[in-house]
Amino acid sequence: MSSTSNAKTRSERAANLRVEGYPWRRVIERFTSVEALMRLGMAILAAIVLVIFVRGWEPPFAYRKGFIPQRAILPRVAFKVVDQEKTYALRIQAGREVLCIYENNKEPIVQLRDAVKDALFAVREATNATELTAKHSHSLDQLGATVLDFDETPLSHERALEAIHATLATDADISKFDAAMREVLDPIEEIGLLRSLSHDIEKGNQRYIRVFKIGDETKKIEADVQRIRVAEVAVTLRSSLEREFRNQFGNANAILLARMIHSYMASQLPVTLTLREDLSNQARIDAIASVKDATISYDPTFGALVPIGKTLDQKELDLLRAEHAAYTSQLSIQERVQRTAAFAGLIVALYMLCGFFIYQSLDRSLITNSLQLLRMLTLCVLCIIFAVLASSDPFRAEVIPVTLTAIIATIAFGRPTSLMLMAALSLVVAFSTRVDLSEFIVLASAAAGSTLLCGRIRTRTRLIYVGAGVAAIVFMTFIGLGVMTGQAGGVVTDGPAVGSLQGTQFSLFPVQLAREAAWQAICILLCGPLMTGLLPFAEKLFGVQTDLSLLELSDMSHPLLRQLAQRAPGTYNHSISVAALAESAADSIGAHGLLVRVGACFHDIGKMFKPNYFVENQAPGSNRHDTLQPAMSTLVIIAHVKDGSDLARQHRLPKPVIDFIEQHHGTTLVEYFYRLAAKKSEQDPHGEEISESTFRYPGPKPQTREAAVLMIADAVESASRALVEPTASRLQNLVDQIAMKKLLDGQFDECGLTLQELDTIKRSLIKSLTAIYHGRVKYPDQQTAG
């Protein structure tokens, strides 16, 4: 066909031109996709959780016990604090002044009054002293044994009997007698009697009590203890009886009878009051609870709450917390909205900074993959939550979650991303706890030290050494910051003033600062053993493998590798050889050599299902592909990739290893069978055109440098076995051709492998292959050289 027929007109060339749309349209389409909106929603949700948890609308309480302010702390608003000592004293006083409650059983006094009346009426029956029986004489002795007559002589039976007859002569006199007795005894029956109080001075009032009748707790009367104590009532009872009998009868005999009755009753006055402990205790509790807190008022003109240089102890902290609570409670809605917007703006800025950093890195999956983003956001949110919870007194252990997060981030995301991420987290934690630059520096030093020292975890003691190293870094950082910020200097005392430094003492060695620094170091030391236990869970959650786990997987006694060695020994030997080549090549470019070695060990496990269809397992002279069409042979060959990945999933191999199985052939062409099919098609006049895509692996192409190294090493190891004389030059040409073919085929387009790294890989492979196929000296008695 002539060149003229191949030429296109101007209109055809113009029609074939594809004009790109506006860039902003592609950006809008990308950010309005369902996947992008889902990731945006997760980021917004994480920000909302943080704002709510740390109360972003309020300033954090910035002081801790042992802090030494470098300027006087003044009150920002007027507030009141409870005077605990005075309040306690008032409550103790209220407990002492409460009126204890006694239950009154008036029946003993009623019985005593009836006994007096019975005795008098029994004696009244005798008309003269000669008619007195022994019982009457005994009653008269009780009535008048201690009574003196008006002439101060002991009262005789005759005189006593005369007084009784004279006073109680008629029914009217008896009515007067009853009235007089009621006037005297009814008040006593109402309030009761006791010998002494049953409660001490700490449990209630010693002068007054409350009394209620038995069975009627609702009606309580207040009683003066002096009026109910038996000893005092016995004294006042005589005068009360004489007064009432004088009022009723108005004669001397009535007065004498009153004295006789007093003599009878004074020695027999009963106790009618019983302390009710339950009611008294409740009254005491109510009285103490009713005491209002005594307060001390402060206002902005008061002066300094804490003077400069005064070490904060619990008393000062309580005062500052009260001031902080009063200040935050008086914040207006506008101020709260401003603070919330500022905190949210900080989070958005850190989102953009970290997102841009990750986007510029080789692995963008942290922000382009929803599951990866969810894991990262969850880790960050949990770090901030636990750090804020652990930052308060007396724990001050916020370095623990920050250090653990730094180690996990390094293992899961790599050092560069971990450094950026932990710098952002340290800033958020510092602003959420103390808004202090020194706090940020301490947390950042712990995070940076953990990230930089973590490295490759090949032994179980590695994390303990990391914890020890980070502890030393944080200890020195804390001491240095404390000295520079004045936390190691003077302590205000109550001593005399010396110039402008009133009552200040200076310590040559900052004991308190060293103690706090040691506590921070101890917290970080605990992170090593703690992370050792958490490591398997972190690997499972983030889908990564540490060297420790990879070393376990690389054990040749793994069930899959043992099956491979039994079913496909040629493939097994091929995998071991590829592992050695690939590990060395990966290490030469700074990739993860151990991971590549493990991936190489498992990359061809799918061949164990049909081992005889692969040349390394075939006996000489037998090839099962001779009876198959090239397309069918290609399907059998390609199937080992899918079979291997399915087998790996069944045995719960980690995802990075499964990725090696799926990517080690990429989308390369099964060249032998493609050329065979093309040759047959050319020879057959009715043959169909052969499609190259039919003879390509399904992919994906290598997504990491490690997968690219494995692809080259796998192809080079297989091809090198076909060389008749594998000299150094032939090995070099072979490696160059295979690497160039893969490069031109676009197999390295998605893994970030550079041409310089590709050249380094080639040199490493050539060196390793040359060492394997090195020449040997033939001795005269040897027929061949092996």
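Predicted model: local features only at pLDDT ≥ 70, side-chain atom pairs only at ≥ 80, totals over all residues.
Here's a quick briefing on the chain above, from the overall numbers down to single residues. Of the chain's 786 residues, 45% count as buried.

**Whole chain**

- The accessible surface is about 42400 Å², and 58% of that belongs to carbon and sulfur atoms.
- Take the contacts between residues at least 6 apart in sequence: 76% of them join residues at least 24 apart.

**Helix 26 and its two partners**

Two packed helices are described by the angle between their axes and the distance between the axes. Helix 26 shows up in two of the pairs here, once with helix 25 and once with helix 28.

- Helix 25 (residues 569–588) packs on helix 26 at an angle of about 160 degrees, and their axes are 8 Å apart. Angles over 145 degrees count as roughly antiparallel, so helix 25 and helix 26 get that label.
- The crossing of helix 25 with helix 26 is right-handed.
- On the helix 25 side, the residues that meet helix 26 are Ser575, Val578, Ala579, Ala582, Glu583, Ala586 and Asp587. Helix 26 answers with Gly593, Leu594, Val596, Arg597, Ala600 and Cys601.
- Sorted by class, that contact between helix 25 and helix 26 has eight nonpolar, two polar and three charged residues.
- Helix 26 (residues 593–602) also packs against helix 28 (residues 655–663), this time at about 60 degrees with the axes 9 Å apart. Helix 26 and helix 28 are therefore oblique to each other.
- Helix 26 and helix 28 make a right-handed crossing.
- Helix 26 brings Leu595, Val596, Val598, Gly599 and Phe602 to this contact, while helix 28 brings Pro656, Val657, Phe660 and Ile661.
- The class count for helix 26 with helix 28 is eight nonpolar residues, one polar and no charged ones.

**Helix 6 with helix 8**

- Helix 6 (residues 107–124) and helix 8 (residues 157–167) pack at an angle of about 100 degrees, and their axes are 10 Å apart. Anything from 65 to 115 degrees counts as roughly perpendicular, so that's how helix 6 sits relative to helix 8.
- Leu120, Val123 and Arg124 of helix 6 make the contact with Leu161, Ile164 and His165 of helix 8.
- By class, the contact of helix 6 with helix 8 splits into four nonpolar residues, one polar and one charged.

**Two residues inside helices**

- Valine 388 lies in helix 17 (residues 370–390). Its relative accessibility is 17%, and since buried means under 20%, valine 388 counts as buried.
- Leaving out residues up to four places away in sequence, valine 388 touches Phe53, Val54, Ser432 and Thr433.
- Valine 388 and valine 428 are 40 residues apart along the chain, with their C-alpha atoms separated by 9.9 Å.
- Methionine 476 is in helix 21 (residues 462–484). With a relative accessibility of 57%, methionine 476 counts as exposed, because the cut-off for exposed is over 50%.
- The C-alpha atoms of methionine 476 and valine 442 are separated by 9.8 Å, and the two residues are 34 apart along the chain.

- Arginine 396 has a positive phi, about 50 degrees, although it isn't a glycine. You'll find arginine 396 in the loop between helix 17 and helix 18 (399–413), and at 13% relative accessibility it counts as buried.
- Arginine 652 also has a positive phi, near 55 degrees, in a residue other than glycine. Arginine 652 is in the loop between helix 27 (630–650) and helix 28, and its relative accessible area of 68% makes it exposed.
- The peptide bond from glycine 699 to proline 700 is cis, with omega near 10 degrees. Proline 700 is in the loop that runs between helix 29 (671–683) and helix 30 (705–720).

Technical notes
Residues numbered from 1 in each chain as written. Heavy atoms only, no water. Axes fitted to C-alpha atoms, helices over the stretch in contact; angles between N-to-C directions. Helix = DSSP H or I, 4+ residues; strand = E, 2+ residues; numbered from the N terminus. Parallel < 35°, antiparallel > 145°, perpendicular 65-115°, else oblique. Left-handed = near helix turned anticlockwise from the far one by under 90°. Contact = heavy atoms within 4.5 Å. Nonpolar A, V, L, I, M, F, W, Y, C, P; charged D, E, K, R; others polar. Buried < 20%, exposed > 50% of the residue type's maximum accessible area, 1.4 Å probe, protein only. Areas by Shrake-Rupley, 256 points an atom, 1.4 Å probe, with all protein chains shown as cover.
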